[in-house]
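Try each task before reading its solution.

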Amino acid sequence: MTKIQFNQVYHIGLIRRFGPDAQDVSNLMFHSKHVKPASIFFSIKGENEDGHRFIEEAIENGAVVIVADDESQLEKLRHHYPLCSLLLVEDVRKAMAYFSKHFFNNADEKLSTIGVTGTNGKTTVSFYVRSLLNLLGTPTGLIGTTGVWTSKGKMNYKKSTPTTPEAVDLHRIFTELDKHKDLAVSMEVSSIALDQKRVEGITFDVTIHTNFSEEHLEYHHTMEHYKKCKLKLFEQAKCAVINVDDEGMGQDILDSFNGPTIRYSLLGNSAADIIGTQLEVRKGGTKFNLVYLGEVYQAFAPVHGAYNISNVLAAIGANLLLGYSISEILAVLPELQSPEGRFQVIHFPNHSRVILDYAHTPVALSRLVEEVKKLTYHRLIVMIAGVGIRDFNKIRKMAAIIEGEADEIVVTVDHPGYHAPQTIIDEMLAGFGNPYAENIHTAPNRKEGVQKSLVLGRSNDIVLLTGGCINNAQIIQGKEIPHSDTDIIQEHYLQSL
Ligand SMILES: CC(=O)N[C@H]1[C@@H](OP(=O)(O)OP(=O)(O)OC[C@H]2O[C@@H](n3ccc(=O)[nH]c3=O)[C@H](O)[C@@H]2O)O[C@H](CO)[C@@H](O)[C@@H]1O[C@H](C)C(=O)N[C@@H](C)C(=O)N[C@H](CCC(=O)O)C(=O)O
Ligand SMILES: Nc1ncnc2c1ncn2[C@@H]1O[C@H](COP(=O)(O)OP(=O)(O)OP(=O)(O)O)[C@@H](O)[C@H]1O
């Protein structure tokens, strides 16, 4: 239990208070049904509900502090609940972020914080940063789409959102990392999290930009809003690592950011501080030359695909800004760890391979296929999945990108949400010039899509399975149904013996 004196919690935007000026608090909650005795309840106006409707339920469940932005609701409640502190604030989400920081004793400031944003590559870059820092002797955790990790391994933690958790969870995780004696955290910061002020109040030691292209229009509606949200990260950063090859957002950051920067490029951009050149595919990874401060260094990273070398440069940039030298970094680079499902290659005894890759935007799919085609194989089988819970706008584009690029194409569905799977498949088929081509197959769900793709594969073929799972599940009718591509692959392999 922590005594909270409200006038000592800064930046919460307090306009008016009814009831006691301090309370003993055990928990911070934003869902009325999860409220326990001595909680603070934040009443958020969401897309479907207004948290103010649940204030009484929260109080009945034990909330002693209500944080809200609707004065009339608090006026109605003040006489019924005189022992409860009712706080009227300018912005509930902002107040929630600052209350979380205060309640968890500014745990974010005990860690070096590295925030990664961009349309593609957040998971990969944040993993690379964590891996390099751990190899260099700074125990580092991670928060992102693949879960919460300490420097030692994955934590059993159910996050409140797919990628960047709500402020309450975020600061709780920082405390956990501090308890594990981690000294840094590498985290993905999504545009939605920035818009919803989940990271408000955190000053990132290093921020990293990967790239910017179309995504999340179901939420942002316009590209301008999407970009504006992403740019907010650089307003709360000490240093920035910027991809100067990215036409989407690179220049916007350069124009607005005043702190120290490291600029990286794969295209030999003369404005870059680190340049990757002469990439050569080698067994188990990529050899390349790294140009830094006019010197050329030979480098090897155990990753595939030019865009992953761009991601490696981003992670190197962050480690340089955190004080490591280029020679220290290049010495450990061959041991770099990659996240699962990002150009993850599984080899089979008949020399066929399955590649799992989370590509779920048109840009990611196009770059991925370009890189896979640099490998040696007999036939290429590609599975693409239309995502039901994101904007439909990109589904046809994914089909147009893959047409003519593979020997067999399997069209399936990821996370149908509340849509009928066939609607998503029809949407995808509409993106092909010839949807009736003999090499285009359909499967009503991801499980059958994976099975069909594997059956189509023969010796020396590559089966490329794109898209994938959030929290190891498929989201169907609002429920998370467990799903694992690797289990299906394992089963297929055992049956083929
Ligand atoms: C689309 C979106 O913005 N969703 C977020 C939003 O939910 P919502 O607007 O649907 O909430 P709502 O159902 O209208 O309810 C409003 C409020 O009433 C409360 N409530 C509701 C019912 C009740 O009985 N009692 C109660 O107190 C809810 O807890 C909520 O605080 O507000 C919630 C509370 O803050 C968030 O947890 C929720 O994130 C959900 C879990 C989510 O899936 N978000 C996704 C879109 C997301 O954030 N994704 C990004 C990017 C992922 C990527 O990398 O691509 C991420 O960072 O994860
Ligand atoms: N720098 C990059 N440029 C273009 N595509 C990339 C880049 N990095 C990764 N990708 C592609 O995007 C896919 C998703 O990568 P990753 O999971 O790292 O991105 P993300 O930004 O975390 O996405 P999400 O937040 O939706 O999980 C990869 O599997 C790969 O196909």
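The exercises that follow concern a predicted model.

**Exercise 1. The shell of ligand 1**

Find which residues come nearest to ligand 1, and sort the shell around ligand 1 by class.

Solution. 
- Step 1: there are 21 residues around ligand 1.
- Step 2: of these, Gly46, Glu49, Thr161, Thr163 and Ser190 come nearest.
- Step 3: by class, the shell has eleven polar, six nonpolar and four charged residues.

**Exercise 2. The annotated lysine**

Solution. 
- Step 1: start from the record. An unreviewed UniProt entry gives Lys230 the feature "modified residue: N6-carboxylysine".
- Step 2: count neighbours. The cut-off for buried is 20 or more.

**Exercise 3. The annotated binding site**

Which residues carry the UniProt feature "binding site", and where do glutamine 196 and arginine 198 lie?

Solution. 
- Step 1: the unreviewed UniProt entry places the feature at Ser32, Thr163, Thr164, Ser190, Gln196 and Arg198. These positions spread over 167 residues of sequence, and in space they reach up to 25.4 Å between C-alpha atoms.
- Step 2: glutamine 196 belongs to the loop between α6 (191-195) and β12 (204-209). Arginine 198 also lies in the loop between α6 and β12.
- Step 3: glutamine 196 has 22 other C-beta atoms within 10 Å, so it is buried. Arginine 198 is buried too, because it has 24 C-beta neighbours inside 10 Å.
- Step 4: leave out neighbours within four places in sequence. Arginine 198 is in contact with Ala97, Thr164, Pro165, Glu166, Ala167, Leu170 and Ala193. Of these, Thr164 is itself a "binding site" position in the UniProt entry.

**Exercise 4. A pair separated in sequence**

Why is lysine 94 classed as partly exposed, and how many residues separate lysine 94 from glutamate 200 along the chain?

Solution. 
- Step 1: lysine 94 is in helix α3, residues 92-103.
- Step 2: lysine 94 is partly exposed because 19 other C-beta atoms lie within 10 Å, whereas buried needs 20 or more.
- Step 3: lysine 94 and glutamate 200 are 106 residues apart along the chain, yet their C-alpha atoms are separated by 6.6 Å.
- Step 4: Lysine 94 is in contact with Gly13, Lys197 and Glu200.

Technical notes
Residues are numbered from 1 along each chain as its sequence is written. Chains are lettered from A and ligands numbered from 1 in the order in which they are written. This is a predicted model: local features need pLDDT of at least 70, side-chain atom pairs count only at pLDDT 80 or more; totals for chains, interfaces and linings use all residues. A residue is near a molecule or strand if its C-beta atom, placed from the backbone, lies within 6 Å of it. Ala, Val, Leu, Ile, Met, Phe, Trp, Tyr, Cys and Pro count as nonpolar, Asp, Glu, Lys and Arg as charged, and the others, Gly among them, as polar. UniProt positions are given in the numbering used here, feature names are shortened, and annotations may be inferred rather than shown by experiment. Helices (H or I, at least four residues) and strands (E, at least two) are DSSP runs, numbered from the N terminus. A residue is buried if 20 or more other C-beta atoms lie within 10 Å of its own, exposed if 12 or fewer, and partly exposed in between; C-beta atoms are placed from the backbone. Two residues are in contact if their C-beta atoms, placed from the backbone, lie within 7 Å.
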